[in-house]
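Here is a guided look at a two-chain model, written to be read with the structure open beside it.

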Amino acid sequence: MKIHQLSMFLENKPGRLSEPCRILADAGINILTLALADTQQFGILRLIVRDWQQAKEVLEKSGAVVNITEVVATEVEDRPGGLAIILETIEAAKLNIEYMYAFTFRSGDRAVLVFRFDNPDAAIEVLQAAGISVVDGVELFDRARQ
Amino acid sequence: MNEFWHDAGCAFHPVSAPDYLPVAQLRQLQLHRLKAVTQRAYDHVTLFRERMDERGVKPDDVQSLKDIALLPFTVKVDLRDTYPFGLFASPMNEIVRLHASSGTTGKPIVVAYTREDLRVWASVMVRTFAACGLDRGDIVQNAYGYGLFTGGLGAHYGAEALGATVIPISGGNTDRQIMIMKDFGTTALCATPSYFLRILERAPEMGIDLRELPLKAGIFGAEPWTDEMRKRIEPEANIKAYDIYGLSEIIGPGVGSECCEQNCLHIFEDHFYPEIIDPETLEPLPDGSEGELVLTTLSKQAMPMIRYRTRDITALQTEACPCGRSIRRIRRISRRSDDMFIIRGVNVYPSQIEEALLAVEGTAPHYQIVLTNDGVMDDVEVQVEVTPEAFSDTVGAMETLRRKLSASIERIINIRVNLRLVEPNTIQRSEGKAKRVLDLRKK
């Protein structure tokens, strides 16, 4: 049920974001979604792509430091309060969220929330028990193609 | 060279014999040679004779080793001032080789050798290699630069005299170095430690695991490096990394070397007499205290150096080495007063920064120190490359790493530095001596 997310270290300077995107584009790899965490000095780029192994390989070949983290994707209705219910569930279970980001697909009325937990397996259990839909990689990428 | 020793099962190369001289005999030999070299320099080197005369000292005043303190010092500037041949003590028709320093500013420093000097040089390099456990049958890949730099040819003739198989590959072209290392079954590599880091980094990218190659020893010199660096290098390549010491002004590589104990460097003091002085007062310091290393070439003909101030900071060890050698040892040179920079009034050596960085788990040995001044105050920025081991996808973990590194440096040098994490391969790799400090302050 977990999704493989690529993270990459970037120095905070002009032009650093386009390079990895160009490398992935040249390898024919489509980015499903991305999030950027930044500080004054450096940034961490987080990417979700279907062919994560290949993406890791091409990025590393270009000299980048890349690691793979397992994240959890859940789906909610794209309406007020959708996110709040999930967060309340997580809070009640005392699970710590390292970070999260959200995106929506072109069609449909649902949003995808990506969570990075300390313990993704425990989180999946809690979410599913509360009736929240946890999406696996295959489903996620199939949905993206619709 | 006789080679029966090997077949006879001798434990050490006969050329290494002076390493084991009884101390009394060694001192006697040193005194005999000191008198001769003082006389030679006095007779043939104008600068030295003038300085002796100024002090009212005659070569005959040297009656014991302690009397060396009567003699004037020689410094690097003297070599520049007498450029190119002013300090030679042999006529040109006896000089068979010239080398020159890789000076980045102005004129280089020129050094000369007679045929006998070259023989001595090869012999001290044989003793260096033998101390590092090399022998006939070893395949020595010599990645020191060949040319005016003393490293290449110095190591070359020493390894040949030992009877090892020499690959005179010189520096650079890392991919070819690694290919040859693998294909030829290199057992020992001579290089600067910073160049070996480049090889360590490149080999896995070529799909080669250095640990699986026959390579067993690294003979690393020409720049200061730390024990922390050795702890990183050795397991990664499954080798023993030996520190060797030398400088062109004295002879080149071959002034001193670690032995199998890898604990301090033996000085081949039958040829190079060591003293430790206080760099401020210039007074000789007792054995064991830290100060500047001063060397006198006891047997050099073409270019004798009397009390040459090396600018290297170390201490003479008095305890006997378990390896059995009677020649004295110096502590590893981690600091050169030349590399020292002064920041907000504090003396800092790059090796202190290296030590601090390597004390933090998972950090790369690739770093650079950038000094700037905004018109008011000096600033130090230490740039460290992020490694896959140290990289985390959370900002918190990366900030913690940054804080840890900067705290580790502050603990050692007592100055807060700006620590910047940079992407891999952004710090320039050296194929020779690494340039650790970039001083952008307006002079």
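## A four-stranded sheet in chain B

In chain B, four strands form an open sheet with mixed pairing, in the order β19-β18-β17-β20. Strands here are DSSP runs of E at least two residues long, helices are runs of H or I of at least four residues, and both are numbered from the N terminus. Two strands pair if DSSP finds at least two bridges between them. The edges of the sheet are β19 and β20 (437-439) of chain B, each pairing on one side only. Neighbouring strands are turned by 20° against each other on average, direction ignored.

The model is a predicted one, in which local features need pLDDT of at least 70 and side-chain atom pairs count only at pLDDT 80 or more, while totals for chains, interfaces and linings use all residues. Residues are numbered from 1 along each chain as its sequence is written, and chains are lettered from A and ligands numbered from 1 in the order in which they are written.

## Pairing and packing around the sheet

Which way do β18 and β19 of chain B pair? Strand β18(B), residues 378-385, pairs with β19(B) in the parallel sense over 5 bridges. To find your place in the sheet, look for Val382(B), which stands opposite Leu419(B) in β19(B).

Two helices lie across these strands. Helix α10 (residues 350-358) of chain B lies across β17 (367-373), β18 and β20 of chain B, at about 125° to β17(B). Helix α11(B) lies across β18 and β19 of chain B, and runs at about 135° to β19(B). For these angles, axes are lines fitted to C-alpha atoms, for helices over the stretch in contact, and values run from 0 to 180 degrees between N-to-C directions.

## Domains of chain B

Chain B is divided into domain 1 (1-338) and domain 2 (341-439), with bounds from an automatic or database domain assignment. Their C-alpha centres lie 30 Å apart, and 17 residues of domain 1 of chain B are in contact with 13 residues of domain 2 of chain B. On the domain 1 side, α8 (193-205) and α9 (227-237) of chain B each supply at least two residues. Helix α8(B) gives the most to that side, with 4 residues.

## Chain B as a whole

Chain B has 11 helices and 20 strands. Its C-alpha atoms fill a box of roughly 70 × 60 × 40 Å, taken along the principal axes.

## Domains of chain A

For chain A, the assignment gives domain 1 (2-69) and domain 2 (71-145). The C-alpha centres of these two domains of chain A lie 22 Å apart. Between them, 11 residues of domain 1 of chain A are in contact with 13 residues of domain 2 of chain A. β1 (2-11) and β2 (31-38) of chain A each supply at least two residues of the domain 1 side.

Methods
Two residues are in contact if their C-beta atoms, placed from the backbone, lie within 7 Å.
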